[in-house]
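This report reviews selected local features of one structure, with attention to backbone geometry, ring contacts and ligand surroundings.

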Amino acid sequence: MAKLPVQDNIIIEKFGPHKQYTPKNGFKGVSEPDKLVKTHCCFCGMQCGIQLKVKDNKVVGFEPWKEFPFNQGRLCPKGVQRYLQNNHPDRLLSPLKRVEGVGFEPINWEEAIDTTVSQIQKIQEKYGRDAMAMLSGVSLTNEKSYMIGKFARVALKTKNLDYNGRLCMVSAGTGNKKAFGLDRASNNWSDLKHAEVIIVTGANVSETFPTLTYPIWEARDNGAKLIVIDPRIIPLARTADLHLDLRPGTDSALYGAMLKVLFDNNWVDKEFIEKYTSGYEETLASVQDHTLEWAEKITGVSAEKIYKAAEIWGKAKTSFLLHARGIEHHTKGVDNVVGCINLVLATGRIGKPYCGYATITGQGNGQGGREHGHKCDQLPGNRDIENPEHRKYISAVWGIEEKDLPGKGYSAWEIIEAIHRGEIKGLISICFNPLVSLPNNNYVRSALEKLEFYVAIDFFLSETGRHADIILAGSLQEEEEGTVTTAEGRVVRINQAINPPGKARKDSEIIKEIASRLGAGDKFNFTTAEDIFNELRVASKGGTADYYGITYEKIEKNMGVFWPCPTLDHPGTPRLWENYKFKTPDGKAHFNPAPYKDPSEVTDEEYPVTLTTGRVVSQYLSGSQTRRIGKLVDQYPEPLLEIHPELANKYGIIDRDLIKVVTRRGEAIFPANVVETIRKDTVFIPYHWGGIHSANILTISSLDPMSKIPEFKVCACKLINTGEKASKSDKSNAFQSFDE
Ligand SMILES: Nc1nc2c(c(=O)[nH]1)N[C@H]1C(S)=C(S)[C@@H](COP(=O)(O)OP(=O)(O)OC[C@H]3O[C@@H](n4cnc5c(=O)[nH]c(N)nc54)[C@H](O)[C@@H]3O)O[C@H]1N2
Ligand SMILES: Nc1nc2c(c(=O)[nH]1)N[C@H]1C(S)=C(S)[C@@H](COP(=O)(O)OP(=O)(O)OC[C@H]3O[C@@H](n4cnc5c(=O)[nH]c(N)nc54)[C@H](O)[C@@H]3O)O[C@H]1N2
Ligand code: SF4
Ligand SMILES: [Mo]
């Protein structure tokens, strides 16, 4: 029988409506908190330092943490509201079970764990171990990420574990490994401020990493030139020297043409190339036909502008290149990344002060979470699950036989496909809301309906959670000790501020208990988060992401330690490659050809408009957290369709007309937001909403063949003006308003 999502009316009857929370009167006693806890924001990869105000085991506010070196007290709109989650009326306070026709009912932990374990065993006995899959997420600390990697392989004994970074950091990770043999931003952000030129491509920094704008402004104050590459005039582009408004999906053509200009004009560092790189002849040969005229045709950016960008970049002495998902969410995401790296290597501007390159990591622990083994092809320390030496080492750390360590499993999207095929029958998810965040979500929904058993660990009831049989009430970031690794590669401490409320439990305790009930208790003998970290240190030792020399004490003392840090007396590595010894097999940085390919779906007569998707400043990811925070909902209550006035004119569209957007996957209706800041052939929709307002009803599930990232950033759509108008500000797409 298809397991339909538990519907709104049932949830409302049982628990009251989901709420947007804006405490009207503030918290009593805020002025006299019991304590201030120094920790980090739970949202994006900047991991800004923050102090949480705690009163009576509740987080009741925050204070800036001015001494933390990166953000020095600065926070963005999400950071200053994050404290409203622990005490939120929607917070799950006990485990729930699905009762058909009734909805969810609170149950005790014994029943919740009994049911979970017996269902897992039933599925694995009947269909084999790999019929259970696990999906995880990197809002989780390093300790939890490590523990989940071990849990899936040692307790659940399945190969099918993957994580939400598969939608996020994997193109960058694959590109970084190809070029450098190691996956981390090459520099810390302090190198930005004296760079002569900064290229920002496919990264809406002011909205998605607001506190990172500060070092960019510092560089501008010091005279830096700024080049922004984005189909939209994003806020940062308004101040740029050059804005290249390329057609979505054409980055590799642009970078190829720029590389040719660099070589044609001898704006390259020949000595660096010869001594420290390989693959440049082949790469140079691959761009010989990438003329400016050719690139203009493909990208829609004028030949003059492309030349100018290459000239500014080529003639500089110091520089920094930053990119994010705008170039990575593509079927050629990896090619786009190596295309950018080629520009950095050609000029030899890496491994020196104020010279650098970074992919800007997205999620809170998007960096650490992609190193310690909850990817389908990975073991801790960024080891390879298919490498015999790596397998041997980790098996020894875990005290298991190498033959019992599962191999490479399916990636996140492939898990959904395997559920459809009937190959995967059961799912555990933690920290992932795939029904909102995966592409083509009609297909995802029908997969969830096919599962024989699904258990979700979360602190809120997400859209995906509504399909679950059991929901285990887990913990917020501030409810457990741990560490995360910031986008700079700095390992920092998350300090526990409060205990989980009600009967909610720490995520790590939940995992530990299920592991023990599955018979692997002796492998999860951890009492504290530090115990887990100490095992992680050993497991990462000798891997490219080596944390062995990092301890809790050392982190506290230095306000973070940059990995690699291989020995206890090692100070950590804020800037990589200062010795030009790269981690590739030949020790050199690799140029890689990145030939241009069309996106998997191009516009045609039937679907004539390009659709791209992304973010707004006040909402976070699937919105499961931020759509519940009243002040953030006020800032951007509903998803809008950004459209240029000329394109709008073609369809007779004016601001706030309701526009039906149709793709080959589905259709959804959005109010128009007519703006001059977007290309005339492209529309943009933010993706933080579920149900009928989900941008992912429309997106395509084509994957990059190497990284397996979906092509969120480009597909073809048609627009239909419904002739109706949206009401002024429709918050019903978030949750109901609730005042204390
Ligand atoms: N407010 C907020 N901040 C966040 C998040 C959030 O949800 N909300 N999420 C965090 C996470 S996990 C991530 S991954 C990051 C994402 O951070 P970003 O990558 O900066 O965010 P996006 O909005 O997904 O995409 C960035 C830009 O890519 C552009 N773009 C679209 N197609 C193309 C293309 O083909 N080429 C180029 N060059 N650009 C293109 C879009 O116009 C958009 O401005 O943000 C992090 N920070
Ligand atoms: N169309 C489109 N789709 C996209 C993107 C896009 O640009 N366009 N971006 C993609 C990207 S880059 C990303 S990163 C993904 C993100 O997609 P998801 O990972 O699905 O998004 P989240 O909102 O982080 O979902 C996490 C869930 O975990 C819960 N959670 C958060 N922290 C914790 C924790 O510490 N413990 C537990 N137990 N639960 C926790 C939250 O309440 C939430 O329900 O979306 C992707 N989807
Ligand atoms: S920039 Fe990122 S880490 Fe900093 S406060 Fe905002 S969401 Fe939090
Ligand atoms: Mo992300």
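In which loop is Y580 found? In this predicted model, Y580 is found in the loop between β22 and β23. The residue has a positive phi of about 60 degrees although it is not a glycine. Y580 is also buried, because its relative accessible area of 16% falls under the 20% limit.

**Backbone geometry**

The loop between β22 (561–562) and β23 also contains P564. A cis peptide bond, with omega of about -5 degrees, joins W563 and P564. Another positive phi, near 60 degrees, belongs to N382, which is a residue other than glycine. N382 sits in the loop between β15 (378–379) and β16 (383–384), and at 7% relative accessibility it counts as buried.

W294 is partly exposed, with a relative accessible area of 26%. Elsewhere, F180, Y357, W577 and F582 are linked into a cluster by ring pairs.

Lysine side chains also lie over ring faces. K150 is placed over the face of F524, at 5.2 Å from the ring centre, and K541 over the face of Y548, at 4.6 Å from the ring centre.

**Surroundings of ligand 2**

Ligand 2 is surrounded by 30 residues, and the closest are N164, S437, D458, S622 and N696. The shell divides into 11 nonpolar, 15 polar and four charged residues. Both β18 (453–458) and β24 supply at least two residues of this shell. Polar contacts between side chains and the ligand include the following.

| Residue | Ligand 2 atom | Distance |
|---|---|---|
| N164 | oxygen | 2.5 Å |
| S624 | oxygen | 3.2 Å |
| N696 | nitrogen | 2.7 Å |

On its own, ligand 2 has 910 Å² of accessible area, of which the protein covers 99%.

Key
Residues are numbered from 1 along each chain as its sequence is written. Chains are lettered from A and ligands numbered from 1 in the order in which they are written. This is a predicted model: local features need pLDDT of at least 70, side-chain atom pairs count only at pLDDT 80 or more; totals for chains, interfaces and linings use all residues. Side-chain values use heavy atoms; hydrogens and water are left out. Buried means under 20% relative accessible area, exposed over 50%, partly exposed in between (1.4 Å probe, protein chains only). Rings of Phe, Tyr and Trp (its six-membered ring) pair if their centres lie within 6.5 Å; planes under 30 degrees apart count as stacked, over 60 as edge-to-face and the rest as tilted. A charge sits over a ring if NZ of Lys or CZ of Arg is within 6 Å of the ring centre and within 35 degrees of the ring normal. A residue is near a molecule or strand if one of its heavy atoms lies within 4 Å of it. A polar contact is a pair of N or O atoms within 3.5 Å; within protein, one must be able to donate a hydrogen and the other to accept it, and residues adjacent in sequence count only if both atoms are side-chain atoms. Accessible areas come from the Shrake-Rupley method with a 1.4 Å probe; for residues, only the protein chains shown count as cover. Helices (H or I, at least four residues) and strands (E, at least two) are DSSP runs, numbered from the N terminus. Ala, Val, Leu, Ile, Met, Phe, Trp, Tyr, Cys and Pro count as nonpolar, Asp, Glu, Lys and Arg as charged, and the others, Gly among them, as polar.
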